[in-house]
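I opened this model to look up its pocket, its cores and a few single residues. My entries follow in the order I made them.

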Amino acid sequence: MTSYVDTDEDIDLGFDIQDLTLKLLNAVCDSEHCPYEACINVYVTHSDTVRVYNRDYRDNDSTTDVISFPALDIREGGFEDAVNDSDSPFDPESGELILGDIVINADRVYSQAEEYGHSILREFAFLCAHSLYHLCGYDHENPDEAAVMERKQEDTLNLLNITRG
């Protein structure tokens, strides 16, 4: 498994982002029984840059806490569909399944950690896990979908002992 992480040079969240994203990637892929080694790209930036991504790629001229760009058109961990994709979803150099890209808003990591009363690490991990489940085909468009996704996120964070406290 590989997580490629890029951060704006003025961002330091106080922990090893690369290490944490790799742990989350492994935990999510294990929970979803992904039969492949996988890779993701993570970019940690500020609100203004997230707003540009949101406007340019999602036609929504506002900022948000995290944006997911799935490389696969799968539904709820249906990785068997990945091999049926007309474009190869595998990295030609590593052979890993490319799940997609994640853009995390560091400004929101700080503000939401304070708002919810937990650590910056916990907020970042939550946003990353949330986005990873989007890359695996989950969504929260209705209450049933949201409940499934929330349970999966919490299970992953608990497995890694990343608690709210």
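What volume does the largest pocket have? I find about 260 Å³. I am working on a predicted model, where local features need pLDDT of at least 70, side-chain atom pairs count only at pLDDT 80 or more, and totals for chains, interfaces and linings use all residues. Residues are numbered from 1 along each chain as its sequence is written, and side-chain values use heavy atoms, with hydrogens and water left out.

**Pocket**

I noted the terms before going on. On a 1 Å grid over the protein atoms alone, a pocket is an open set of points with protein on both sides within 12 Å along at least five of seven lines, where a 1.4 Å probe fits; lining residues have an atom within 4 Å of a point. The volume is the space filled by probe spheres set on the points, which are joined across faces, edges and corners.

I then listed the lining of the largest pocket. Arg-58, Thr-64, Asp-65, Val-66, Ile-67 and Ser-68 are among the lining residues. His-130, His-134, Asp-139, His-140 and Glu-141 also line this pocket. By class I get two nonpolar, five polar and four charged residues. Here Ala, Val, Leu, Ile, Met, Phe, Trp, Tyr, Cys and Pro count as nonpolar, Asp, Glu, Lys and Arg as charged, and the others, Gly among them, as polar.

Which elements supply at least two residues each to this lining? They are strand E3 (66–70) and helix H4 (120–135). E3 gives the most, with three residues. Elements are DSSP runs numbered from the N terminus: helices are H or I with at least four residues, strands are E with at least two.

**Cores**

Next I looked up the nonpolar cores. Such a core is a set of buried Ala, Val, Leu, Ile, Met, Phe, Trp, Tyr and Cys residues joined through side-chain atoms within 4.5 Å. Buried means under 20% relative accessible area, exposed over 50%, and partly exposed in between, with a 1.4 Å probe and protein chains only.

The largest core has 37 residues. Leu-99, Ile-102, Ile-104, Phe-124 and Leu-132 have the most contacts inside this core. Two or more residues come from each of helix H1 (17–31), strand E2 (38–45), strand E4 (97–105), helix H3 (106–116), H4 and helix H5 (143–159). H4 gives the largest share, eight residues. Another core, of five residues, lies apart from the largest one and includes Tyr-43, Ile-67, Phe-69 and Val-103.

Leaving aside neighbours within four places in sequence, Leu-132 is in contact (heavy atoms within 4.5 Å) with Leu-24, Leu-25, Val-28, Ile-40 and Ile-102.

Leu-25 is in helix H1 and is buried, at 0% relative accessible area.

Val-50 is in helix H2 (residues 47–58). Its relative accessible area is 0%, so Val-50 is buried. Beyond four places in sequence, Val-50 is in contact with Thr-45, Thr-63, Thr-64, Ile-67, Val-103, Ile-104 and Asn-105.

**Helix H3**

Which residues of H3 are buried? I find Ala-106, Val-109, Gln-112 and Ala-113. They lie on the same side of H3, because they cover an arc of only 125° around the axis (taken from the directions from the helix axis to the C-beta atoms). An α-helix has 3.6 residues a turn, so residues three or four places apart point the same way. The buried residues of H3 pack against E2, E4 and H4. The face turned away from them carries the exposed Glu-114 and Glu-115.

**Loops and phi**

Is Gly-78 buried or exposed? Gly-78 is in the loop between E3 and E4, and is buried at 6% relative accessible area. Gly-78 and Gly-137 are 59 residues apart in sequence and 7.6 Å apart in space, C-alpha to C-alpha. Glu-80 is also in the loop between E3 and E4, but is exposed at 52%.

Most residues other than glycine have a negative phi. I checked two with positive values. His-33, in the loop between H1 and E2, has phi near 55° and is exposed at 67%. Asn-161, in the segment after H5, has phi of about 60° and is exposed at 64%.
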